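Biologist: I have not looked at this one before. Can you walk me through it?
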Amino acid sequence: MEYENSIKCKAIEAFRKKLVIISRDYKILAANQHALKDLDEKITGELCHEIFFGLTTPCKECPATEVMQSGRPAVRHFQNDTDKSEKIQCLYSYPILSKDNQTEGIVVLDFEVPTLGFLEDKLRRSNALLRNLILSSVDAVIAADISGNIFIFNDVASEISGYSVHEALTQLNIRDLYPGNVAFLVMKKLRSEEFGGKGKLKSYHVDFMRKTGKVIPISLNASIIYEGQKEVATIGFFHDLRDELKMKKELEKAQSQLLQAEKMASLGKLAAGVAHQLNNPLGGITLFTQLVLEDYDLPEKAKDDLNRILKDAQRCRDTVKELLEFARQTRQEMQAHDLNKAINRTLFLLENQTLFHNIRIDKQLAPSLPPVHGDIQQLNHLLMNIILNAAEAMEGNGTLTVKTERCEDKKRLLIAISDTGPGIPDHVRPNIFEPFFTTKEPGKGTGLGLSMVYGIVENHGGKIHTLSRPGEGTTFIIELLTAEGNNGEKPSE
Ligand SMILES: Nc1ncnc2c1ncn2[C@@H]1O[C@H](COP(=O)(O)OP(=O)(O)OP(=O)(O)O)[C@@H](O)[C@H]1O
Ligand SMILES: [Mg+2]
């Protein structure tokens, strides 16, 4: 019993609102610490209205008066004028009844409650925040009632769909935003357990139909809004996947182009290896043919045939030699080189290729050209790429003109490589030196040729530009430094 009383007292003390017990004549019988706060502790026996409100008579609004009359709990609300906190004071009062139902005392609880206005304002602010959250979402947010009438449609939704917000809210049905029976499928999936739980759909790839009828890929996060068990609305966050898919495609393309470039590089190495292997047997064929020709007295017809063998073997050896020279992998070595010789070598390697069979080659190489300053491997690649592009553009039919000339200052040389192909369209020209840019069908070109050429020209302190008109062929003009223009080296053999 003692413990029960003490825990009751503690409970009253722990109560963080003002609690005062008064007698029927408004005298304070007890008060908790919270009610005492700034007051003298010895308030027992004092008049409640005097102590708390400095009044000589009981407060008009005091609910205790009603409790005394009715014997039942009473409550009073009143605005606290001194406080601008938009809260109202609430006095709750109830009787302590004796065994014979007499009111022994009255408990008065004093606490504050927020005003309705305050709550409304809070509600308004949280609604505005919610609205802003929806409007500023990076994804399209669309909510519709169960019949499909749209009641939330943010700006991104308008951007993606092409419908204005007003149009969507007044005329559009959510089903109009999906092609075919997709809306039905989305609802079916939303109601099933499999896609993120019942009433939920997570990162579901779906087709979305724009106002124009164009269908675009979307990732949809959606949920059904319930009131109790009843479906009342749906809300969806639509993420436009077009950019992501485009990026993915470009990445895949770049990957396949890299693979192609790697393949080409290993093919080059393979060719050089095979060429090397061919060198010895070709040497044998040449040597023994010469020996047979010298050592035996052969009929003229046989001699002619053997000479033919010798000539062809010689030609094979030349090809192998040039191929080896061309594919030689060395560190960059800037030296003086005969540019005309490099051009002749490249043309020699190319002119017997099927692609060149119907191409007339017009060489206009300036005699006694001063040596060019450069790395011969890189210069070979440069010439090979431009000449191959020209032949490919002409689709194996037309005239290839290769011209060299020296500039008057003797410090620079010009190479002009022209074709009679279709020319480069205006919209293509700005991109041709970009790595991986190609107009050729997949698998036919890596788009690395001209970007490599550009790098080589830069590396040599030169310049490159294109003259081209659709239908009138293309000319690539390359300006390179002479050895003299650089430091006056003699050409290397
Ligand atoms: N002589 C030319 N006539 C017309 N278009 C050309 C010519 N040379 C280059 N181009 C255009 O420039 C693009 C880029 O050329 P580039 O040499 O870099 O790549 P590619 O030839 O397409 O592929 P790769 O050289 O890697 O096999 C070509 O796809 C083509 O559209
Ligand atoms: Mg090319």
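Biologist: Which helix gives the most to the shell around ligand 1?

Modeller: Helix 12 does, with four residues. Helices here are DSSP runs of H or I with at least four residues, strands are runs of E with at least two, and both are numbered from the N terminus. This is a predicted model, where local features need pLDDT of at least 70, side-chain atom pairs count only at pLDDT 80 or more, and totals for chains, interfaces and linings use all residues. Residues are numbered from 1 along each chain as its sequence is written, and chains are lettered from A and ligands numbered from 1 in the order in which they are written.

Biologist: How many residues surround ligand 1?

Modeller: 21, with Ala 393, Thr 438, Gly 445, Gly 449 and Leu 450 the closest; a residue is near if its C-beta atom, placed from the backbone, lies within 6 Å. Helix 12 (376–393) and helix 13 (449–459) are the elements giving two or more residues to that shell.

Biologist: Different topic. Which residues touch the most other members in the largest nonpolar core?

Modeller: Leu 383, Ile 386, Ile 387, Ala 390 and Ile 417, out of 29 residues. Such a core is a set of buried Ala, Val, Leu, Ile, Met, Phe, Trp, Tyr and Cys residues joined through C-beta atoms within 7 Å, buried meaning 20 or more other C-beta atoms within 10 Å of a residue's own, with C-beta atoms placed from the backbone. Helix 12 gives the most here too, with eight residues.

Biologist: And what is the average pLDDT?

Modeller: 85, and 90% of the residues score at least 70; pLDDT is the predictor's confidence in each residue, from 0 to 100.

Conventions:
A residue is buried if 20 or more other C-beta atoms lie within 10 Å of its own, exposed if 12 or fewer, and partly exposed in between; C-beta atoms are placed from the backbone.
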